[in-house]
Amino acid sequence: MRLWEKPSMNISKLLNLPQMQTFKERSLERTLKKSLNIMEPNAVESLKRYIKSSQSPSGGFIDKAGKADIYYTLFGYFLAEALGLEEILSSVAGFIEVEIEQSIPSGVNLYCEAILAAKSGKKKLLSKSLRKEIKAAQEIKLSKLPVYEMFMNLLTCYYLNDYKGLYRFKKQLPELDEDVSLTCPVISAMLVIRQCFNLPVDRLQKNVMSYYNNHGGFFAGHGTALPDLLSTAVALYALRFSGADISMIKPDCLSFIDSMYCKGGFYGNELDMEPDIEYTFYGLLALGALAE
């Protein structure tokens, strides 16, 4: 190690400690676990059975086509962790090791693999090329990245303890566009990012609430016919993350989320009533945001 590398790393760590602490205090893990405090014991047991049934023999979690998928495995890992299903976590670790050795991820799968590697204790197996791709994404002008990718990049910095990456992210963080024509999940991601870096969030909170249907759900976009669980979950999480008071809408939101529960899992909306592991994650995230 060069003489200046360690001091430089320590400086970056100190500069970004508040952001890391924000994630820790309001993390996805803590929010998911809070959901169990307001679920009936029978529902929790049904949820455990559903999660176990959604895992393939390879250790990965299946997508809608029944194939083990790194994207769905990220959701499954978070759920298994929240429910204390240790046997599932160990088998997922084996799946991740194989994925690291055999796959060349891109797009969102790049971040999924990195986060799963960190959470499952396989971080040292990540290739140099994958790490370079993550760093390269950080060095692109952030305003040119899709907001969801910015959010996933930020999450990856957190889980990899990448203080330098977080500093690069903070240094070039743009004044994010608050265009109300953007979708609810995008506006919600913006809200979380701005809160992490102590930027003003009042306008974004109001923008997120503009997607509320006044009956417990959030629309994906203005003019969308039906509210959906994904938009509702990320909106509630972002509002709670940023300190907004959501107590007035809590009863209706709980009713809406309960209506999305089926067969031990959650589904996305009234036109897609088959539960899957992704929407089950969003169901628990929404409940966790309302648990306080």
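This is a predicted model: local features need pLDDT of at least 70, side-chain atom pairs count only at pLDDT 80 or more; totals for chains, interfaces and linings use all residues.
Student: Which residues of H8 and H10 meet?

Tutor: On the H8 side they are Val147, Met150, Phe151 and Leu154; on the H10 side they are Val186, Ala189, Met190, Val192, Ile193 and Cys196. Sorted by class, this contact of H8 with H10 has 10 nonpolar residues, no polar ones and no charged ones.

Student: At what angle do H8 and H9 cross?

Tutor: The axes of H8 and helix H9 (residues 163-171) cross at roughly 145° and come within 8 Å. From H8 the contact takes Met150, Asn153, Leu154 and Cys157, and from H9 it takes Gly165, Leu166 and Phe169. The classes in the contact of H8 with H9 are five nonpolar, two polar and no charged. Met150 and Leu154 of H8 also belong to the contact with H10.

Student: How is the packing of H2 and H4 described?

Tutor: Helix H2 (residues 28-35) and H4 have axes 9 Å apart, at an angle of about 55°. H2 and H4 are therefore oblique to each other. Their crossing is right-handed, whereas that of H8 and H10 is left-handed.

Student: Which residues make the contact of H2 with H4?

Tutor: H2 supplies Leu28, Glu29, Leu32 and Lys33, and H4 supplies Phe78, Glu81 and Ala82. By class, the contact of H2 with H4 divides into four nonpolar, no polar and three charged residues.

Student: Which residues line the largest cavity?

Tutor: The lining consists of Phe23, Ser27, Leu28, Leu155, Tyr158, Tyr159 and Tyr237. H8 gives the most to this lining, with three residues. The lining of the largest cavity comprises six nonpolar residues, one polar and no charged.

Student: What is the volume of the second largest pocket, and what lies nearest its centre?

Tutor: A pocket, unlike a cavity, is an open set of points. The second largest pocket has a volume of about 400 Å³. Its lining has 23 residues, and those nearest the centre are Tyr148, Phe151, Met152, Val234 and Tyr282.

Student: Which helix gives the most to the lining of the second largest pocket?

Tutor: H10 does, with five residues. At least two residues each come from helix H4 (70-82), H8, H10, helix H12 (229-241) and helix H14 (277-289). By class, the lining of the second largest pocket has 21 nonpolar residues, one polar and one charged. Phe151, listed among those nearest the centre of this pocket, is also one of the H8 residues that meet H10.

Technical notes
Residues are numbered from 1 along each chain as its sequence is written. Side-chain values use heavy atoms; hydrogens and water are left out. A crossing is left-handed if the near helix is turned anticlockwise from the far one by less than a right angle, and right-handed if clockwise. Helices (H or I, at least four residues) and strands (E, at least two) are DSSP runs, numbered from the N terminus. Contact means heavy atoms within 4.5 Å. Ala, Val, Leu, Ile, Met, Phe, Trp, Tyr, Cys and Pro count as nonpolar, Asp, Glu, Lys and Arg as charged, and the others, Gly among them, as polar. On a 1 Å grid over the protein atoms alone, a cavity is a set of points where a 1.4 Å probe fits but cannot get out, and a pocket is an open set with protein on both sides within 12 Å along at least five of seven lines; lining residues have an atom within 4 Å of a point. Grid points are joined across faces, edges and corners, and a volume is the space filled by probe spheres set on the points. Axes are lines fitted to C-alpha atoms, for helices over the stretch in contact, and angles run from 0 to 180 degrees between N-to-C directions. Angles under 35 degrees count as roughly parallel, over 145 as roughly antiparallel, 65 to 115 as roughly perpendicular and the rest as oblique.
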